[in-house]
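Thank you for coming, everyone. Please have a look at the sequence and the structure on the screen, and then I will talk through the packing inside it.

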Amino acid sequence: MTMLAIWNIDWQTIADATALGGVYALMAVGIGLVFGVLRLVNFAYGQLVMAGAFSLALASQWGWPQWAGIGLCFAVVLALSMLMDRLVFRPLRGHSPAVMLVATFAVAFLLQSIALLWFGPLGKIATSLAYLNRPITISHVDIRKITIVAVVVAALCLVALALLLERTTVGLHMRASSMDFQTARMLGVRANRVIAMAVLVSGALAAVVAVMLTVQNPLVTPDFALRDTIIVLAGVVLGGMNRPIPATLGGFAIGFASGLLGGALPTNQSQYLPTFLFAAVILVLLVRPGGIFTRARLVERV
Amino acid sequence: MRSLVVEHLDVRYGGVHAVRDLSFEVGPGEIVGLIGANGAGKSSTLHAIMGVAPATGEVRLGGVSLRGRRPEDVARDGVALVPEGRRIFAELTVEENLRLGLAARRARGDVAAVLQSVYELFPIVEEFGRRQAGALSGGQQQQLAIARALVAEPDVLLLDEPSLGLAPTVVDIVFDALAAIRDRGLGVLLVEQRAQRTVAVSDRCHVLANGELRVTLGPENANDTETMVAAYFS
Amino acid sequence: MRRLTALQELAGPALLVIVTALLGTLVSISTQGYFTDTLVKVAMVVALYTFVGNSGVLSFGHISFVAVGAWTAGVLSVPSDVKPAIMPNLAHMLRDRTTGNLSSLALAALVGGICALVVALPLMRLSGLAAGIATFGVLEITHNLLRYEEKIGPGLNAFSSVPETTGLRQAAIGALVVVVVAFAYGRSRFGRLLRATREDPAAARAVGVSIYRQRLGAFALSGVLAGLAGGLYVHLLPVNTESVYLDLTFITLAMLVVGGATSLWGAVVGALAVSALDSYLAVAENGSSFFGAQIDLPAGTRVVIVGTLMAVVLILRPNGLTGGREFRVWRR
């Protein structure tokens, strides 16, 4: 601990960093799953989270019980994911990665401006789960309940996802499709089903992330989760885009690192957190352009 | 088992006319060979049947048209492809590769019996089930690719240059397996570069040049080098 | 004849810029602002095209150089007597110096180019998604530093008191300069080599073209042009860090792709088409009549409509309105 104490890091910071890493890992998987089958970097992923967060805020404004709010969040995010698949991903299939990236960039911008039109720049407050922000004391360390919840939920989701991918037929089909879609299809793997599954699972993860991020940050604005998406995208590319495990590790690593950095930097430098974070990202990319958690190999050209 | 019928097939990629007015049939319990030089249109024919190449003309399985169908639907209808270069999923285990082949299987239940019948043909696939498929040798990967196609219990098996890059002893294993598969009643469409062996094993062997059918040879022509050379360079 | 054919590729974009400027002189002073803004956007998009269009590598970082250019020109042109009030923490060297309009623009271009060169030296070794994310990182870092580093600018505040020299004429001349430079580069040996690496990197490398060096040069040049566009921008309106960040990155990239990313003609057409629509809707949102049509839109609809249209064009016509081809009246 002495080493960490110099860096101004305590257990609470480590716990919070782990929780942030967990949430980012889920976002990373959500982005990575869709990339795996469609070779499409979904920049609009954060806006799915944003839509879920607004659903939670509206539900708490209408006085709905918690479970109904969470239900609404899942319903809205899943519906929006499927809509995105039909209206955006399908027509884009087979186009160059650059075009797909700019197109999802446009969708992100569009969803954000719709939210701005509906809810205004000041946003809404989601209060129903705010009690999770209260701390509990574990051996003299105060830890917010949401920190523990986030770590546990992230771990459960990742285990469930691993089981789905490793133990079920549709999981096998998803893995094969992300390696060689054409061959998988010629073996009888149904493309639309695999893609729908990836989009749905990715949407469900976005809904989970929406719930956890709104607890930590109850003020929901149109740019909710936008910054997180950019950081997670960097993490996913750092980890290695086209395999689920490296992508997840990349997401966790960048979340954990930014949590730790946030705690470690002296207050007068903490505003420069993005600079430190992205400088580190660029440095790592220069050393391992194909990802740190993969065998050295270049990924998709853009 | 149903027959595969190809009629007046044409494949064009932009300005390139890869296959011209090609017609042939693969019946149950038959091996039909398709040989010719590089670029003669052999692989394009297979891709057209699988629905991944732009084609006109007719492709029927048991009288039902396959034209305009997606590759996964063609596979589920009973046409299995062993692709060129084997296309094994190197990062999956041998067993997982085999299970992928089940994706196209229409019948439900009794997977164990299907696997058993494939293991009889290719014992190494059972033996190395838990290994990563990428760790297998080229010949073993080729056996896995054929096994993977067979577990779908297709009516017709298409093979794209299965002997490419294999040692002579392994080529023997592959060709013996093809004969055994024919004897089980499947139709086999074999695209090959090894002309002589293909003619010998086939019931009929079509020679393609420039996308056109030039001549059809029978097993009796296997040692008739002159005819074959003439057909290749016609 | 061949030279004529080449010149029409310049004439098309240049004429569009001139016509836009002339149209701007016909409308009221308040509407003229939209035309001026459009011309500055043309400069930005063409700057972006110089790298992205010729190299085929996506960059999310170019607005960094627009920002750097804006900061350079802005800091240098705020009159000395008001500097301490607006930027109290400014470094001494910058506090005591003020330059004229033209030299501030020239320095904006120079500093933009130097920054781009420094960034490109390591980054051009990357390609694909890694390059995309790294350029995004550059944008994040630039935004973060400009936002909090008060020694070199107003920090969180906007650049007020910068002389508003970017009227219709300066914007049009600036856009023309950028278009001509981009055209000259595209016709040059270097432009051709870079496009060769875009079309077939393996073949280009095989005949001895250094992909790294060609991209490096284009990136630095497009940094110069982006810096100049940033200088024009800060002389047009009070820029702050948020106005040269994600939204501008998005809108310029979208303009480029909507027009057709692989041609100068596409860059100009895209910038003009999207700006025209955007401005028309902005006017409509204010409830005034425009070209005889009386429309009244609720505030905020504008961004939604523009966003929808851009998404639709990107999804249905990913090669852009021009199909990525250069302007030709006749073809050889």
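A nonpolar core, as I use the term, is a set of buried Ala, Val, Leu, Ile, Met, Phe, Trp, Tyr and Cys residues joined through side-chain atoms within 4.5 Å, where buried means under 20% relative accessible area with a 1.4 Å probe, protein chains only. What we are looking at is a predicted model, in which local features need pLDDT of at least 70 and side-chain atom pairs count only at pLDDT 80 or more, while totals for chains, interfaces and linings use all residues. Residues are numbered from 1 along each chain as its sequence is written, chains are lettered from A and ligands numbered from 1 in the order in which they are written, and side-chain values use heavy atoms, with hydrogens and water left out.

The largest nonpolar core has 206 residues, and those with the most contacts inside it are A:Phe43, A:Val49, A:Leu285, C:Val46 and C:Val244. Helix α9 of chain A, residues 191-216, gives the most to this core, namely 16 residues; helices here are DSSP runs of H or I, at least four residues long, numbered from the N terminus. A second, separate core has 39 residues, among them B:Ile88 and B:Leu144.

Contact means heavy atoms within 4.5 Å. Leaving aside residues up to four places away in sequence, C:Val244 touches C:Ile63, C:Val66, C:Ala67, C:Trp71, C:Tyr233 and C:Val239.

Definitions and conventions:
Buried means under 20% relative accessible area, exposed over 50%, partly exposed in between (1.4 Å probe, protein chains only). Helices (H or I, at least four residues) and strands (E, at least two) are DSSP runs, numbered from the N terminus.
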